[in-house]
Amino acid sequence: MKILIVDEMHPSLFPMLDEAGLAYRYEPAFKRAHILSHIADYEGLVIRSKTVIDEEVLLQAPRLRFVARAGAGLDLIDLEAIRRRDIQVFAANEGNRDAVAEHAVGMLLGLFAHIVKADREVRQGLWNREGNRGIELMGKTVGLIGYGFNGSATARRLNGFGCRVLAYDKYLVNYGDEYAQESTMEAIMAQADVISLHVPLTSETRLMLNDDFIAAVARPFFLLNIARGEIVQLEAVVRGLESGKVRGAGLDVLENEKLSTLTPEQQKAFDYLRTSPRVILTPHVAGWTQESYAKINEALVKQIMTHIRVNAAH
Ligand SMILES: NC(=O)C1=CN([C@@H]2O[C@H](COP(=O)(O)OP(=O)(O)OC[C@H]3O[C@@H](n4cnc5c(N)ncnc54)[C@H](O)[C@@H]3O)[C@@H](O)[C@H]2O)C=CC1
Ligand SMILES: O=C(O)C(=O)COP(=O)(O)O
């Protein structure tokens, strides 16, 4: 079993692979052309968020038996093309769920208590108390869209703050629990003070949060996007902020995260967001803590070992 690793990994991965007796080649600088010319030799591929796995790559990979995603999002993998072959996909959602949930709550507290805005003002010599009077999480209704690892971890924490949590998940059944009430998109739109997105990027969720969505929400609301930038139409959020329908937004992800290559429309939206005191922006770090990548690696190595054992038994 030979494994090719083509993305930057937390160093905790390598002793784990050594201990498991797995042979690997670590090539974090590999570009697509390198992957295409080397993948034929490998049974396993480990990626993060840099590498697109599509039909063209799979055609060059006759020996490939698994793709391990050191993280959660599978949006760069053509899952249909993978399913047509005998290739397993592993992900490690449990590794960064705590990081994401803490980041979500951190962003909400930051928005509600004006922490970032007030900090900037004090640094400029402004002692603006009334303009930074906060609002409380206690008693607010939070709607979570997507109730998998991240949605449910966020719900647990919000309970501690006295929030009423509604969750909508299109593909789970009986997922209501002591932390969140199973709900519908319509009920969330009718009742939520905060809407937080925890769905994967798919053809269904791409630009899910657009002008129509915002118009359908009954009251002005706060928006959190810690999932994928392409789920949210930024221009619609800007219009929502301008009209007041969106009271504030916490965005860890953007449609185009290479800020030097924004289209004129993206640049205009980004310029609005980066100067708005009602917006908190972070550079796709919600799942990225000192702890999460070690947890991700443990989960991945466990899955790789199980895969090898099961296949050896057959
Ligand atoms: N900002 C960051 O650093 C991170 C971002 N993420 C993003 O968050 C996403 C979610 O992560 P997890 O919670 O671990 O995934 P998950 O797979 O555990 O949960 C996603 C849930 O969304 C539901 N869902 C899918 N399509 C839906 C739709 N159209 N409407 C409603 N529900 C739908 C699924 O049934 C599933 O339960 C990832 O796919 C990734 O894109 C994940 C980790 C870190
Ligand atoms: O796990 C995910 O889906 C993330 O968004 C974080 O991934 P990354 O550190 O960019 O590979």
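The briefing below takes these topics in turn.

The model is predicted, and its protein chain is built with 12 helices and 12 strands. The radius of gyration of the protein chain is 21 Å, close to the 20 Å that the globule rule gives for 314 residues, so the chain is as compact as a globular protein of that length.

**Overall dimensions**
- Taken along the principal axes, the box filled by the C-alpha atoms of the protein chain is roughly 65 × 45 × 35 Å.

**Helices α10 and α11**
- Helix α10 (residues 234-243) and helix α11 (residues 264-275) have axes that come within 9 Å and cross at roughly 40°, and the crossing in which α10 passes α11 is left-handed.
- On the α10 side the contact is made by Leu234, Glu235, Val238, Leu241 and Glu242, while α11 contributes Glu265, Gln266, Ala269, Tyr272 and Leu273.
- Sorted by class, this contact of α10 with α11 has 6 nonpolar, 1 polar and 3 charged residues.

**The second largest pocket**
- The second largest pocket has a volume of about 160 Å³, and of the 17 residues that line it, Leu111, Phe112, His114, Phe222 and Arg278 are the closest to its centre.
- At least two residues of the lining of the second largest pocket come from each of α5 (93-112), α6 (115-123), β11 (246-251) and β12 (279-281).
- By class, the lining of the second largest pocket has 9 nonpolar residues, together with 4 polar and 4 charged ones.

How values were computed: Residues numbered from 1 in each chain as written. Chains lettered and ligands numbered in written order. Predicted model: local features only at pLDDT ≥ 70, side-chain atom pairs only at ≥ 80, totals over all residues. Heavy atoms only, no water. 1 Å grid on protein atoms, 1.4 Å probe; cavity = no way out; pocket = protein on both sides within 12 Å on 5 of 7 lines; lining within 4 Å. Points joined across faces, edges and corners; volume = space filled by probe spheres on them. Helix = DSSP H or I, 4+ residues; strand = E, 2+ residues; numbered from the N terminus. Nonpolar A, V, L, I, M, F, W, Y, C, P; charged D, E, K, R; others polar. Axes fitted to C-alpha atoms, helices over the stretch in contact; angles between N-to-C directions. Left-handed = near helix turned anticlockwise from the far one by under 90°. Contact = heavy atoms within 4.5 Å. Rg over C-alpha atoms; globule rule 2.2 N^0.38 Å.
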